[in-house]
Amino acid sequence: MQKKLTINYTNDLHSYFENWSKIVGYLKENKQKLKDAGETCWLIDIGDHVDRSRPIAEAFRGKANISLMNEAGYDFATIGNNEGITLDYEDLYHLYDEAEFRVAVANLHSKKEEDPDWMEPSWVVETASGVKVGMIGLTAPFPDFYNLIGWDVQDPMEILEQRIHTLRDSCDVLILLSHLGLYADRDIAAAFDEIDVIIGGHTHHLLQESEYVNQCLITTAGKQGFYFGEVEITWDTELGCLTDKQARVIPVADLKEDEAAREHVAAYEENAAKAMQQSAAVLSSPLPVSPYEDSRAMDLLTDYMRRWTKADFAFLNAGVLLESFPAGNVSYMDIHRICPHPINPATVQLTGSVLEEIVTAALQPDFVTFPLKGFGFRGEVIGKMVYSGLTFDIAGTAEKPQAINLKIAGESLDRKKVYSAAMADTFTFGNLLPGIKQAEGKKYFMPEMLRDLLLGALREIEK
C-alpha cells in the first residue's frame with residue numbers, strides 16, 4: 001500500500017509579512033484536508049523567519065514571529081543566521097520558549113549555560129501510517145559572530161559525520177532541515193547517502209522543480225514568502241521502502257487570504273508602531289541624505305563609529321541611510337526605518353597599500369551604484385563612501401577615478417604601516433572589497449548595530 005507524507009515549508013521569510021496571510025490560508029487548508037483523508041501533513045520553517053530590519057521583529061525581538069507561526073500550526077523548524085546572530089544572547093535563548101512546534105539545530109550550543117529547553121539536535125517522528133521520519137537541523141556557521149554573543153557554532157559536516165549514522169538506523173526516511181545554502185546542500189547530498197531529502201534555505205535560491213544529487217531530493221523556495229514549498233514523499237508499506245519523492249514551489253499571488261492571520265499581523269504592526277514611536281532624539285535642523293553625496297548625517301555617523309571603535313579611521317557607504325531626517329523629534333521607528341540593516345560595526349587591520357587600493361575601488365562608478373543584496377544590507381545601492389580620519393585627492397577620469405595623496409589624521413599614508421579601519425561588517429564578507437576580506441585582525445562589535453551608533457551620534461548633536 002502506498003502512503004504519502006506531505007511537507008509544506010517556508011524559508012527566509014525575513015519578517016516580510018505582506019504574503020503571510022495567503023501562505024497561512026493554504027497551509028491551514030491543506031493540512032486539514034490531508035488530515036481528514038487520514039494522511040500526514042507537516043508544516044516546517046527553515047529559518048530566517050525573523051529579520052530585525054522589519055518593525056514587528058525589531059519591536060518584539062522575534063517573539064511575534066513565533067506567535068504567528070503557532071497560530072499557523074507549524075510543526076517543526078530550524079533557525080537561520082537572522083535568529084542566531086542578530087538577536088542578543090538572552091533574546092535567542094528565550095525566543096522559542098512559547099513555541100508550539102519543535103526546533104532542531106544540531107550545530108549550536110550555549111557557551112554560558114545549559115542549552116535552552118527548546119533546542120534539539122534531531123528527532124524521529126511517525127506519520128499517521130507509522131512511517132518513521134528522522135529530522136536533523138543545521139544552521140549556517142558564523143563562529144566569529146556566535147562566539148561574541150555566547151554561542152558555540154560547529155561545522156555542519158562534522159556534526160553530520162557524528163550523528164547521521166545513528167539517526168539513519170532509527171528511521172525509515174531521513175530529512176535534513178538546512179539553513180546552509182544551496183551549494184552546501186549539494187555538497188552534503190553528494191557526501192551522505194543516508195539523507196533522502198534536504199529542505200533548504202539561506203541563499204534565497206528558488207528551485208521551481210525538484211533537484212536530485214546522489215538520489216537526494218533538494219528543494220528551496222526563494223525568499224520573503226513569494227513562494228513556499230511542498231514536498232511529497234511516498235512510502236510503500238508492503239515493500240518497506242520509499243518509492244517516490246517530489247517537490248514543488250507554490251506561488252502565493254493568487255491564493256486566498258486567511259482573515260485571522262491578516263488581522264494578527266495588522267495588530268502586531270500597530271503595536272510595534274506604538275512601541276517604537278517614542279522620541280529617541282531631537283534635531284534642531286533637518287539632516288538631508290543621499291546615497292550619492294556627502295551629508296552631515298553620514299559624517300556624524302562615520303565619525304561616531306571611528307571614535308566608538310577607537311579606530312585610526314572609519315568609512316561607511318552612504319547607502320546605509322535610506323531617508324533624510326526632518327527637524328524635531330526623531331523616534332525609534334524613524335531611526336529603524338532610515339537605518340534598518342542588521343549590520344554590526346567592525347574593525348579590520350589594513351596596510352597602507354591595501355587601504356589605497358580599497359579607497360580607489362570604492363570610488364569607481366559601478367561600485368557606488370551597485371545594487372547590493374544580502375550581507376545584512378537592506379538598502380538599494382552601496383552609495384558613495386564617506387570617511388572619518390582619512391582624506392585624499394582624486395585623480396584620473398570620471399569613468400576611472402584614482403585616490404591619491406591619502407592622509408590618516410593629517411599625516412601622509414605609510415604604505416607599509418598597519419592601520420585600524422572601522423567599517424560596516426558587510427565589507428568583511430564576499431568580494432565587494434577583496435583587500436578587506438583577505439585582511440587579518442577582524443573584530444566584530446555585538447550586539448550593537450549601525451542604528452545604535454546612529455542614535456548615539458544624533459544624541460551627541462542634541463547637547
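**Loops, sheets and cores of the predicted model**

Gln215 is placed in the loop that connects strand S12 (211–213) with strand S13 (216–219). In this structure, which is a predicted model, the phi of Gln215 is near 70°, a positive value in a residue other than glycine, and with a relative accessibility of 69% Gln215 counts as exposed. A second residue of this kind is Gln224, found in the loop between S13 and S14; its phi, also positive in a non-glycine residue, is near 60°, while a relative accessibility of 23% makes Gln224 partly exposed. Such values deserve mention because most residues other than glycine have a negative phi, and most peptide bonds are trans. An exception on the side of the peptide bond is provided by the link from Met446 to Pro447, which is cis, with omega near 10°; Pro447 belongs to the loop between S25 and helix H15 (450–462).

Strands S12 and S13 are part of an open sheet of six strands, ordered S7-S8-S10-S11-S13-S12, in which the pairing is mixed. From one strand to the next, the twist averages 25°. Strands of a sheet pair through backbone hydrogen bonds, either parallel or antiparallel, and both senses can be followed here. Strand S7 (residues 122–126) and strand S8 (residues 132–139) run antiparallel and are joined by five bridges, with Ser122 having Ile136 of S8 as its bridge partner. In the hairpin that these two strands form, five residues lie between the strands, and Gly130 takes a positive phi near 90°. Strand S11 (residues 197–200), by contrast, pairs with S13 in the parallel sense over three bridges, and Ile198 stands opposite Ile218 in S13. Helix H7 (residues 156–169) lies across S7, S8 and strand S10 (173–179), and runs at about 170° to S8.

Another open sheet, also of mixed pairing, is built from five strands in the order S20-S17-S24-S19-S25. Strand S20 (385–388) and strand S25 (443–444) stand at its edges, and since each has a single partner strand, one side of each is left without a neighbour in the sheet. Strand S17 (residues 313–317) runs parallel to strand S24 (residues 418–424), to which two bridges join it; the bridge partner of Phe313 in S24 is Ala421.

In soluble globular proteins, nonpolar side chains tend to be buried together. The largest nonpolar core of the model comprises 59 residues, of which Phe315, Leu321, Phe325, Phe427, Ile436 and Leu458 touch the most other members. When residues up to four places away in sequence are not counted, Leu321 touches Val289, Ala297, Met298, Leu301, Ile338, Cys339 and Leu454. A second, separate core holds 45 residues, including Val24, Ile66, Val252 and Ala346.

Val24 is also one of the buried residues of helix H1, the others being Trp20, Ser21, Ile23, Gly25, Tyr26, Leu27, Asn30 and Leu34. Helix H1 (residues 20–36) has 17 residues and reaches 24 Å from its first C-alpha to its last, close to the 24 Å expected at 1.5 Å a residue. Its buried residues pack against strand S1 (2–10), strand S2 (40–45), helix H3 (63–72), strand S14 (227–236), strand S15 (241–251) and helix H9 (259–276). Just after H1, Gly38 takes a positive phi of about 85°.

Finally, the structure holds zero disulfides. Cys41 is buried, with a relative accessible area of 6%, and its sulfur is 20 Å from the closest cysteine sulfur, in Cys171, which is too far for a bond. Cys241 is partly exposed, at a relative accessible area of 29%; for the sulfur of Cys241 the closest cysteine sulfur is likewise in Cys171, at 14 Å, again too far for a bond.

Methods: Residues are numbered from 1 along each chain as its sequence is written. This is a predicted model: local features need pLDDT of at least 70, side-chain atom pairs count only at pLDDT 80 or more; totals for chains, interfaces and linings use all residues. Side-chain values use heavy atoms; hydrogens and water are left out. A nonpolar core is a set of buried Ala, Val, Leu, Ile, Met, Phe, Trp, Tyr and Cys residues joined through side-chain atoms within 4.5 Å. Buried means under 20% relative accessible area, exposed over 50%, partly exposed in between (1.4 Å probe, protein chains only). Contact means heavy atoms within 4.5 Å. A disulfide is a pair of cysteine sulfur atoms within 2.5 Å. Helices (H or I, at least four residues) and strands (E, at least two) are DSSP runs, numbered from the N terminus. The expected span of a helix is 1.5 Å times one less than its number of residues. Two strands pair if DSSP finds at least two bridges between them. Axes are lines fitted to C-alpha atoms, for helices over the stretch in contact, and angles run from 0 to 180 degrees between N-to-C directions.
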